[in-house]
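Biologist: Please put the model up, and then I will ask how each label was reached.

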Amino acid sequence: MQASYDPKVGEPVELAPGLRRLTAPNPSPMTYHGTNTYLLGETDIAVIDPGPAKQEHLAAILAALTPGQRVSHILVTHSHMDHSPLAIELAHQTGAPILAFGDHLAGRSEVMINLAAKSDLGGGEGMDRAFAPDEILVDGSTVSGEGWDVTAMWTPGHTANHLCFVWGNAVFTGDHVMGWSTSLVSPPDGDLTAFMDSCSKLQSVPAGRYYPGHGDLVLAPLDRLDELITHRRGRETQIREAIAEAELDVPTITRRVYRDLAPGLLAAAERNVFAHLIDLHTRRLVTTEGDLHAASRFKGV
């Protein structure tokens with residue numbers, strides 16, 4: 001937890017020349033103090049992650065515009081309900097296009113497509129199924145406004161359509177990298193194999209700071225990535241140890257791996273464990289009886 005981070009909801013905070021942050025009024029155990037909306041630019045303003053469909057947050061974004069400023073682009077890192085729904089109303093109010101990787105199904109791996117087709121994997125937590133960008137950003141796309149440009153980096157894992165945006169020596173990391181918590185990876189929208197690959201991809205990008213979707217900025221990006229990778233590998237080891245001698249279901253494995261977990265976070269922990277198990281199953285390190293699904297029992301190889 002970032003104990004000293006206590007933003008005032010709806011008040012713009014300058015983080016760097018030409019960059020401000022607004023915190024949306026949607027605090028929760030999964031969103032921390034709320035979703036971070038970033039306003040990039042001095043004249044042409046890119047709104048990065050407009051946030052949930054809350055009229056008070058829309059009003060705060062519009063009120064943050066000074067004379068001579070206009071919203072020229074609406075950039076969305078991914079289509080979760082705490083990041084994307086306000087985009088359509090903001091676009092209506094400003095005439096700015098919505099840019100993203102695609103709808104909530106865009107970018108799914110063949111593994112997840114096939115698994116979802118064969119059995120009910122559950123999931124779908126908080127997906128904005130109505131989201132449809134005006135313009136598709138492929139990996140490496142550049143978006144420019146007066147005085148700024150960002151490069152879209154496809155970073156699937158938290159969701160299949162997740163993008164990070166590289167701005168100079170900084171990266172807007174959405175929910176892929178945050179300082180206050182690790183990301184939820186819930187299949188079939190989340191994909192742990194892709195998440196780890198995206199972490200490796202971000203390691204190749206020189207950056208002095210990350211601007212995440214929740215929580216304060218990350219000032220040691222490579223160290224944080226190392227922490228996340230180490231954490232996931234450690235969790236994998238715990239899961240493999242739990243099923244080394246017995247065939248267990250996801251809730252049982254979760255209780256053995258996550259100790260002293262707050263009850264409100266148990267469901268998210270189970271989805272993270274399931275994501276690990278799918279990855280291990282794909283790598284032939286665990287087995288199940290019959291088709292893989294959320295209620296499967298798993299045994300180590």
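**Pockets, a helix pair and one threonine**

Modeller: The largest pocket holds about 740 Å³ of space. This is a predicted model.

Biologist: Which residues lie nearest the centre of the largest pocket?

Modeller: Pro29, Met30, Thr182, Leu184 and Ala268 lie nearest its centre, out of 31 lining residues. The elements that give two or more residues to this lining are α5 and α7. Five residues come from α7, which is the largest share.

Biologist: How do the residues of that lining divide into nonpolar, polar and charged?

Modeller: The lining of the largest pocket has 14 nonpolar, eleven polar and six charged residues.

Biologist: What makes α5 roughly perpendicular to α7?

Modeller: The axes of α5 (residues 221-242) and α7 (residues 266-282) cross at roughly 80 degrees and come within 10 Å. Angles of 65 to 115 degrees count as roughly perpendicular, so α5 is given that label relative to α7.

Biologist: Which residues of α5 and α7 meet?

Modeller: From α5 there are Arg232, Arg235, Glu236, Ile239 and Arg240. They meet Asn272, Val273, His276, Leu277, Asp279 and Leu280 of α7. By class, the residues of this contact are four nonpolar, two polar and five charged.

Biologist: What lines the second largest pocket?

Modeller: The second largest pocket has about 210 Å³ of space. Its lining consists of Val111, Asn114, Leu115, Lys118, Ser119, Ile278, His281, Thr282, Thr288, Gly290, Asp291 and Leu292. Two or more residues each come from α3 (110-118) and α7. The largest share, four residues, comes from α3.

Biologist: How do the residues of this second lining divide by class?

Modeller: The lining of the second largest pocket has four nonpolar, six polar and two charged residues. Gly counts as polar under the scheme used, so Gly290 of this lining goes with the polar residues.

Biologist: Thr282 is in that lining. Why is Thr282 called partly exposed?

Modeller: The relative accessibility of Thr282 is 43%. Buried means under 20% and exposed means over 50%, so Thr282 falls in between and counts as partly exposed.

Biologist: Where does Thr282 lie, in terms of helices?

Modeller: Thr282 is in helix α7.

Biologist: How many residues apart are Thr282 and Asp149 in sequence, and how many Å apart in space?

Modeller: Thr282 and Asp149 are 133 residues apart in sequence. From C-alpha to C-alpha they are 38 Å apart in space.

Conventions
Residues numbered from 1 in each chain as written. Predicted model: local features only at pLDDT ≥ 70, side-chain atom pairs only at ≥ 80, totals over all residues. Heavy atoms only, no water. Axes fitted to C-alpha atoms, helices over the stretch in contact; angles between N-to-C directions. Parallel < 35°, antiparallel > 145°, perpendicular 65-115°, else oblique. Contact = heavy atoms within 4.5 Å. 1 Å grid on protein atoms, 1.4 Å probe; cavity = no way out; pocket = protein on both sides within 12 Å on 5 of 7 lines; lining within 4 Å. Points joined across faces, edges and corners; volume = space filled by probe spheres on them. Buried < 20%, exposed > 50% of the residue type's maximum accessible area, 1.4 Å probe, protein only.
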